[in-house]
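Work through the exercises below with the sequence and the structure in view. Try each task before reading its solution.

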Amino acid sequence: MRNRVVAAAGSAGFFVLAPGIVAGLIPWLLTRWDAEPIWLPLRVIGWILLAAALAVLISAFVRFVAEGLGTPAPIAPPERLVVGGFYRYVRNPMYLAVLSTIIGQALILGQWILPLYAVIVSAAFYAMVRWHEEPVLRRNFGSQYEVYKAAVPGWLPRIRPWQPPKSA
């Protein structure tokens with residue numbers, strides 16, 4: 001139980017720091033939340049995208065605590081490979097959710113600096129996954145990660161959820 005409490009506290013702190021800065025503070029610094037005129041249906045799509053992205057992001061953070069007994073933070077990684085929830089559809093739901101919050105804000109505010117910022121963030125996320133996270137996951141979880149990686153795409157979600165093989 002104590003592990004989950006510590007993991008939950010660490011995940012909450014990391015949530016504020018990482019996505020809070022990347023998808024909250026920096027977009028605010030770039031736009032000051034000033035809304036430009038934009039076609040109303042795009043603004044509505046932005047709100048829907050933002051709400052969905054926040055739901056995915058929160059769910060993924062919770063899954064790290066409940067399933068992984070750790071946090072998404074590199075300094076306190078999960079003890080178990082996280083493969084449930086949205087991770088059954090795509091290996092990087094957190095990164096996609098953060099990018100979606102930025103795009104959602106762009107549509108809500110009509111601020112076209114935000115899609116440019118999203119491109120820069122996506123390049124940073126890709127580099128982080130490719131050259132840090134994947135090697136660490138391979139080292140920590142071995143063949144379990146390789147099976148998961150072969151079955152679940154990194155960036156374009158599957159239509160149907162992946163079912164982990166039954167352990168004997």
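**Annotated spans**

The unreviewed UniProt entry carries the annotation "transmembrane region" for residues 6-30, 42-62 and 102-129. The model used here is predicted.

**Exercise 1.** Find how far apart the end C-alpha atoms of residues 42-62 and of residues 102-129 lie, and give the helix content of each span.

Solution. Start with residues 42-62: the span is 100% helix and 0% strand, and its end C-alpha atoms are 30 Å apart. Next take residues 102-129: here the end C-alpha atoms lie 19 Å apart, with 89% helix and 0% strand.

**Exercise 2.** Compare the end-to-end distance of helix H4 with that of a straight helix, and locate its bend.

Solution. Step one: H4 covers residues 113-151, which is 39 residues. Step two: at 1.5 Å a residue, a straight helix would reach 57 Å. Step three: the end C-alpha atoms of H4 are only 35 Å apart, short of that value. Step four: H4 bends by about 125 degrees at Phe 141. Phe 141 is also among the buried residues of H4, which include Leu 114, Val 121 and Tyr 148.

Terms used: Residues are numbered from 1 along each chain as its sequence is written. This is a predicted model: local features need pLDDT of at least 70, side-chain atom pairs count only at pLDDT 80 or more; totals for chains, interfaces and linings use all residues. Side-chain values use heavy atoms; hydrogens and water are left out. UniProt positions are given in the numbering used here, feature names are shortened, and annotations may be inferred rather than shown by experiment. Helices (H or I, at least four residues) and strands (E, at least two) are DSSP runs, numbered from the N terminus. The expected span of a helix is 1.5 Å times one less than its number of residues. The bend at a residue is the angle between axes fitted to the seven residues ending there and the seven starting there. Buried means under 20% relative accessible area, exposed over 50%, partly exposed in between (1.4 Å probe, protein chains only).
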